[in-house]
Amino acid sequence: MDVLMLSRLQFAFATFIHFIFVPLTLGLSLITAVMETKYVRTGDETYKRMAKFWGKLFLINFALGVVTGITLEFQFGTNWSRYSEFVGDIFGSLLAIEATAAFFLESTFVAVWVFGWEKLSPKFHAVCIWIVAFAANLSALWILLANGFMQHPVGYVIQNGRAELGSFLDVVTNPYGWNEFFHTVTGAWALGGFFVVGVSAYHLLRKQNVDFFTKSFRVGAAFALIFSLVVALVGHRQGNIVAEVQPAKLAAMESHWETQKNAPMYLLAVPDPANEGNSIQIGRIPSILSLMAFNDPSAEVKGLKDFPKEDRPPVTLTFSAFRLMVGLGTLMLVMAVLAFISRHHPAESSPKLLKAFVWMIPVPYIALQAGWAVAEVGRQPWIVYGLMRTKDAVSPIAVEQVAISLVAFFVVYILLAALDIFLLAKYARKEPA
């Protein structure tokens, strides 16, 4: 393998592991804030215990997520220095704002919240966790605006061979970045809901703290249903934007080869060994691709054959990841409806249904990871869409250097992920104090 492939593997692996932590941090911070607010409004001590129980799981995930996230930014200097040199003025400013305006705010008030239970008034203590939740999601906004620039560059000028900031307002109002933000965070909030539902179902199966976990189940079920719906609606809008600004990605998502009106969608596509650059398509649904992409069943959708081969994304991986995301998203919506229907007396649900809720815990994680595979793989071969190719962004370093760091990243990140899963499982199975 060359430096380019090793660097891509390293960044992809590190991002994949880091994103195990991110969505639960976003989801649990908001859910914990809602629970503590219910305690302040009602005086019900059960909600206070709920905030502490779920807050502990949030803290475990948050602490390990910070560790895995820090190294990602260093890779822009070590592995992707040519990229940093080209867009550092724009990309770097967004990450700097994320650190100073969001991460430090989140970290500070996490400490206040943890140590302030008996020192602050209940109302101000609840305000602290709301600030944590706000800052965590604000952090996601700045990072996704940076990614949005990579997906759809705006607000820049090319000077001296570099992309320099031309309009900060255009960068921070980039519609691609904002829709990507809402698509990601609503998915994370749905994940948080399913996590709470799944852990609550585990305890309800064992008839442990039924009142406590029934109330937790209700909060989680509401989050799961509301945001499973919202993420689907926002995802449709994201598809419209992709069709407009990244038509090659859209074509790869649907394995769509021929430019045509009334473009159909196929449920399955596999490479055709007898016809290079094409695929065998199964399950044709007429006009649906045109409708999904442009809200018009007769709209023309550009096919992959209209793009030079060097500008086409990897089709099989993009297509498969998109199908996986949509399929699991549909499953999430169905299970969220079942959870919401059974929310008043979940302990009386059938054991099979409660077990299904437990097994649903990893499903949103996989759906979110598949979505990011679509976003990033589908952007290829560009690191900044239409401006800089990925092959031109890699650092001029030796293969051995990247290989050694890749192995180190693999070992450390696997250990951290395993530690996170172990600690979450250990404390989630415990009864609330």
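The points below cover a pocket and then the backbone.

The model is predicted, so local features need pLDDT of at least 70 and side-chain atom pairs count only at pLDDT 80 or more, while totals for chains, interfaces and linings use all residues. Residues are numbered from 1 along each chain as its sequence is written, and side-chain values use heavy atoms, with hydrogens and water left out.

**Pocket**

- The second largest pocket is lined by 35 residues, of which His-183, Gly-235, Phe-322, Met-325 and Val-326 lie nearest its centre; a pocket is an open set of points on a 1 Å grid over the protein atoms alone, where a 1.4 Å probe fits, with protein on both sides within 12 Å along at least five of seven lines, and lining residues have an atom within 4 Å of a point.
- Helix H7 (210–245) is among the helices that each supply at least two residues of this lining, and H7 gives the largest share, eight residues; helices are DSSP runs of H or I with at least four residues, and strands are runs of E with at least two.

**Backbone**

- The peptide bond from Gln-380 to Pro-381 is cis, with omega near 10 degrees, and Pro-381 lies in the loop between H12 and strand S7 (382–384).
- Asn-262, whose phi is near 50 degrees, sits in the loop between strand S3 (260–261) and strand S4 (265–271).
- Ser-287 has a positive phi of about 65 degrees although it is not a glycine, and Ser-287 lies in the loop between strand S5 (279–285) and H9.
- Most residues other than glycine have a negative phi, and most peptide bonds are trans.
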